[in-house]
Amino acid sequence: MATEVRAQQVFNAPEFLVGPVIKTQESAFNDKAVSAAATFDPATHLTYEPPGNIIMMKDLGYDEDAGVSPVAVSLPFQLFSEEAINEMRTEIFKPEVLRDCSFSSNIAAHQFRGYAAKYAPFTYDAWHCPETLAIISKIAGVDLVPVMDYEIGHINLSMKTAQQTAEELDAINKQKSFFAADEGIAGCPFEDDKPIVGWHTDSYPFVCVTMLSDCTDMVGGETALRTADGNVIKVRGPGKGCAVVLQGRYITHQALRALGARERITSVTSFRPRSAQLKDDSVLTTVRGISDVSELHYEFIEYRLEIQQERMRVLQKELRKSRHAGRKCPTSLVKNFLREQKHFIKHTNTELVPENDIIAGYIPPMDGNLDVIIIIDDNRSV
Ligand SMILES: [Fe+2]
């Protein structure tokens, strides 16, 4: 029964209108793709300007050590140049990416995943570039690396026809003028607060969301964050070339629907701490149904084993030093370490779900209704 319900949910995934639109986009980008592919150059492709504000975990009522950093979320900041964004767009519209890396689910109609290492050298280099990582790490308050190559530049794609966009804008403008005339208010009653994805926490500690579309006519598209006391704040979404950094594993959040834009393409790269000594609570809950599971599992196992090996190397070194110094064996310290390792291995094992038990395109339901909203803008803190 549960399987039937799940299958039905997958079947009922929102209608995706990308077919003809992508064809148009594709031909437009093919002209550009003829020219030699650019190499990522931080000197010209990074146009970083620090965010106007960074909201801390304690600002949202959480403990500073609830996650891997005291930072909760940044406001949008300029990250990549126009040229860099265009190169990234060219890469995602390559026919082989459309063919091999497209995924859809019960909650998102069209996504590209796992394409960067294979087909998108510019995007791959952009997110492995030490200068880029230094920027993201500085904002996040902890030294970060991409969690896995598979999670570099995950693309969320939403496209509408010109007619649909015009109808949407018309409806927004009518509502705008209605509220302005009737109530004389300049709030946002015309926003559609229906979320794209329900309340959830991410699978990985940190995320950097970069906007690859022009947002000039876009209304909505904010990220709503749940505070520790049950209130909700909204942080506005990034404009083209801008990004937002969020500690999404530890903060319940949702993306609100964006209206009035013909296309909305966001690139999402997930991060984990560089240090093996920091905790890694990463799970695969929200990604295993929209992945090449074999690739995802190889990379997850690889980095989890690396963390374990590094932790063991460090312990071994400490024990040798202790012995050479003539100290007694710190048995209780070792037993604590082994307890933690047991937990770590159990966690890795839990996340490795046999491929036959995974329902392609199914993401577990996420929900919850909260209604106290505070809008956060550039020069305000919570
Ligand atoms: Fe999220």
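**A colleague's note on the predicted chain**

Among contacts in the chain between residues at least 6 apart in sequence, 83% join residues at least 24 apart, where a contact means that the two C-beta atoms, placed from the backbone, lie within 7 Å.

1. **Ground rules.** What you have here is a predicted model, in which local features need pLDDT of at least 70, side-chain atom pairs count only at pLDDT 80 or more, and totals for chains, interfaces and linings use all residues. Residues are numbered from 1 along each chain as its sequence is written.

2. The chain's mean pLDDT is 83, with 79% of residues at 70 or more; pLDDT is the predictor's confidence in each residue, on a scale from 0 to 100. Residues 1-34 have pLDDT below 50, and this stretch has 33 contacts in the model beyond near neighbours in sequence. Residues 178-193 also stay under 50, with 14 contacts beyond four places in sequence. Where pLDDT is low, the predicted coordinates should not be read in detail.

3. **The parts list.** You'll find 11 helices and 16 strands in the chain. These are DSSP runs numbered from the N terminus, H or I of at least four residues for helices and E of at least two for strands. Of the 382 residues, 34% are buried. Buried means that 20 or more other C-beta atoms lie within 10 Å of a residue's own, exposed means 12 or fewer, and partly exposed is in between, with C-beta atoms placed from the backbone.

4. **The core.** The largest nonpolar core has 66 residues, and Val73, Ile136, Ala140, Phe206, Ala243 and Val245 touch the most other members. Such a core is a set of buried Ala, Val, Leu, Ile, Met, Phe, Trp, Tyr and Cys residues joined through C-beta atoms within 7 Å. Take Ile136: leaving aside neighbours within four places in sequence, Ile136 is in contact with Leu144, Cys208, Val245 and Phe271.

5. **Strand β12.** Have a look at β12 (residues 242-246), where five of five residues are buried. Cys242, Val244 and Leu246 sit on one side, Ala243 and Val245 on the other, and both faces are covered. As for partners, β3 (residues 77-78) runs antiparallel to β12 with two bridges, and Phe77 stands opposite Ala243 there. Two strands count as paired if DSSP finds at least two bridges between them.

6. **Strand β10.** In β10 (residues 223-226), Thr223 and Leu225 form a covered face, while Ala224 and Arg226 form an uncovered one. In a regular strand the side chains alternate between the two faces of the sheet. Four bridges link β10 to antiparallel β11 (residues 232-235), where Arg226 has Val232 as its bridge partner. Five residues lie between the strands of this hairpin, and Gly230 takes a positive phi near 95 degrees. Strand β10 also pairs with β13 (residues 253-255), antiparallel over three bridges, and Thr223 faces Ala255 there.

7. **Cys215.** This residue is in the loop between β8 (206-211) and β9 (219-220). Why is Cys215 classed as partly exposed? Because Cys215 has 19 other C-beta atoms within 10 Å. Not counting residues up to four places away in sequence, Cys215 touches Gly239, Lys240 and Ala261. The C-alpha atoms of Cys215 and Ala258 are separated by 9.5 Å, although these residues are 43 apart along the chain.

8. **Helix α7.** Among residues 121-128, which make up α7, the buried ones are Phe122, Thr123, Tyr124, Ala126 and Trp127. Their cover includes α3 (42-45), α4 (82-92), α6 (116-119), α8 (130-140), β6 (144-146) and β15 (263-273).

9. Helix α10 (residues 293-324) has 32 residues and spans 46 Å from its first C-alpha to its last, close to the 46 Å expected; the expected span is 1.5 Å times one less than the number of residues. A UniProt record, an unreviewed entry, puts a "coiled-coil region" at residues 298-325, and such annotations may be inferred rather than shown by experiment, with positions given in the numbering used here and feature names shortened. Over residues 298-325 the model is 96% helix and 0% strand. Just after α10, Gly326 has a positive phi of about 80 degrees. Helix α11 (residues 331-351) has 21 residues and reaches 30 Å. None of the 21 residues of α11 is buried, so α11 lies largely in the open.
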